[in-house]
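Dear colleague,

I am handing over the structure below, and after it I set out what was found in it. Please read the notes with the structure open beside them.

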Amino acid sequence: MAKSVIPNAISLLLSNPSPDSSSHLPDIVVQVLDLKPSGNRFMFNASDGKSKLRAILPSNQNSEVHNGNIQNLGLIRILDYTLNDIPNKPDKYLIVTKCESVSPALEAEIGKEVNTESAAAGIVLKPKQEVVSKSVAQIVREQHQNAVRTERKAMTRRVNPLVSLNPYQGNWTIKVSVTSKGSMRNYKNARGEGCVFNVELTDEDGTQIQATMFNGAANKFFDKFVLGKVYYISKGTLKVANKQFSTVRNDYEMTLNENSEVEEVHDEVGFVPVTKFDFVQIDQLGPHVNKNDLVDVVGVVQSVSSTMSIRRKSNNETVPKRDITIADDTKKTVVVSLWNDLATTLGQELLDIADQSPVVAIKSLKVGDFQGVSLSAISKSVVIINPDIPEAKKLRCWYDSEGKEATMASVGAGSSPAAKNGSRSVYSDRVLLSHITSNQSLGDDKPVYFSIRGYISFIKPEQAMWYRACKTCNKKVTESIGAGYWCEGCQKNDDQCNLRYVIMLKVTDASGEAFLGVFNEEAEKIIGCSADELDNIKSQEGEENFQLKLKQATWVPHLFRVGVATNEYNNEKRQRITARAVIPVDFATESKLLLEEISKMGVSQ
């Protein structure tokens, strides 16, 4: 290979956008300009002194940048590459899949104009190998090793990174690990019946894509794809991803047919996909509530619960669950529910070090509306304790310096009306009670959610206002024969239990009234004390003080986030309204909202 910069290196790259691995590549040496990080990669401008081309370094070259082998203004030799269009980018990008450092940083950028002497002699670079004295045995051994490497390289196929794929590309081969596998599903539509399943694939750089297989391809590859194994895949097609049915962050999705090739890579111990995160701050979780997309979060662990046993309604199966509460530098907290192995193994590890306030990074969480906003792990969720990433280090510095003394608030309690956080707050989907009560079909298919502002007009004192609950899982307990309380969920007997609210109360607004079901946490906000404390008032201070306490909670304005569903009782459908969040009225905020509504009315006229 030549030992000087070739002035037309960029032209050579552009003229051969996707070289075959078996072809002999010319010596392509470029200067690295404007080197800077982008996510978990580095981007730069490749320059030959006359032309420039935007380029991306693979993540496996990050260590070369960090230890100074690849430097800004330095020189690299490109050994393998792909030239492609990147989604949502107007220009072509050079995806450098293999390179080596040739020279550290030069004094300046190589310009278009060079003097006659330099042009004649070229810019001298360091050779690939240092000339050192070696014994005959060493030379023979190295020649044999080089021959073996050459044979292996000839047998190695060319692999395209997932980030370089697009629907307009021809032949490609990817090397990926199966990080999630769905079950086989049967479907029936106007075109007939069939079956389908999908997998989520991750390459070594951490880029993900969803691959879907129908009918014959589904039957062919369902048993072949095994979670955690590595495969070469080729002869598939790509199309723009339907975000409604995909939780993978990729602009494209893949379809494999019966002619696609899937080959398992055996004994691939070194292939460990990088876990990529796209963190959402806790105070920005509102817009993701009950949506199909999944979120990644990073936070400092505030508390870890003991393991609970939850019985699924679908199959009556008991599964372990553990809740952890995390906080970030927005000074908001959120509860994350871990299930199955995450609850018993990693959850126990977190419980053991909870007093150290570890930082956790969690990938692929579902955002629900329990207690306003909550997070729940799914089968493909990944939890990393004290990860070595910039976001975790920044959060640790914040927590150690000021966060541990800061006052934290739950993200689901009293959501801000700001636009970015309002999709499931008490300030969105605002309706009058009559809108709900006059439409008895609301919630027939699935629960629907609204926000209302009203007064609690009546709390019936004769109702059963609480139940005896297990101190571990909060499920209902029964008195044991002899002594104590038996929990069916935990399958254990305990000497004590808690009282937890379950109240029906009447709410009134300008349009009408309706009964709402309110559970423990929200009821405590309304009544002003716990169920155990209210029971003590009733038993020790008498019925009069008990009813006075309830009366004090009435005719106080509140904002309610409610869920509306229907249930059947004696073959009759009834509407059930449940309070999911309750907060006091902030009159300053309410005034601003009213002014906004008035201004909209003026514009419409």
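A residue is called buried when its relative accessible area is under 20%, exposed when that area is over 50%, and partly exposed in between, with a 1.4 Å probe and protein chains only. This is a predicted model, in which local features need pLDDT of at least 70 and side-chain atom pairs count only at pLDDT 80 or more, while totals for chains, interfaces and linings use all residues. Residues are numbered from 1 along each chain as its sequence is written, and side-chain values use heavy atoms, with hydrogens and water left out.

The protein chain exposes about 33,200 Å², of which carbon and sulfur atoms supply 50%; accessible areas come from the Shrake-Rupley method with a 1.4 Å probe, and for residues only the protein chains shown count as cover. Taking contacts (heavy atoms within 4.5 Å) between residues at least 6 apart in sequence, 63% join residues at least 24 apart.

Leu73, which is not a glycine, has a positive phi of about 75°; Leu73 sits in the loop between helix H2 (62-66) and strand S4 (75-85), and because its relative accessible area is 22%, Leu73 counts as partly exposed. Asn386 likewise has a positive phi, near 45°, in a residue other than glycine, and lies in the loop between strand S19 (374-385) and helix H7 (390-401). With a relative accessible area of 47%, Asn386 is also partly exposed.

Further along there is an open sheet of three strands, in the order S23-S24-S25 with antiparallel pairing, where two strands pair if DSSP finds at least two bridges between them. Its edge strands, S23 (477-479) and S25 (492-494), each pair on one side only. Strand S24 (residues 485-487) and S25 pair in the antiparallel sense over three bridges, and Trp486 has Asn493 in S25 as its bridge partner.

Finally, which strand holds Phe458? Phe458 lies in strand S21 (residues 448-459), and it is partly exposed because its relative accessible area is 37%.

With kind regards

Technical notes: Helix = DSSP H or I, 4+ residues; strand = E, 2+ residues; numbered from the N terminus.
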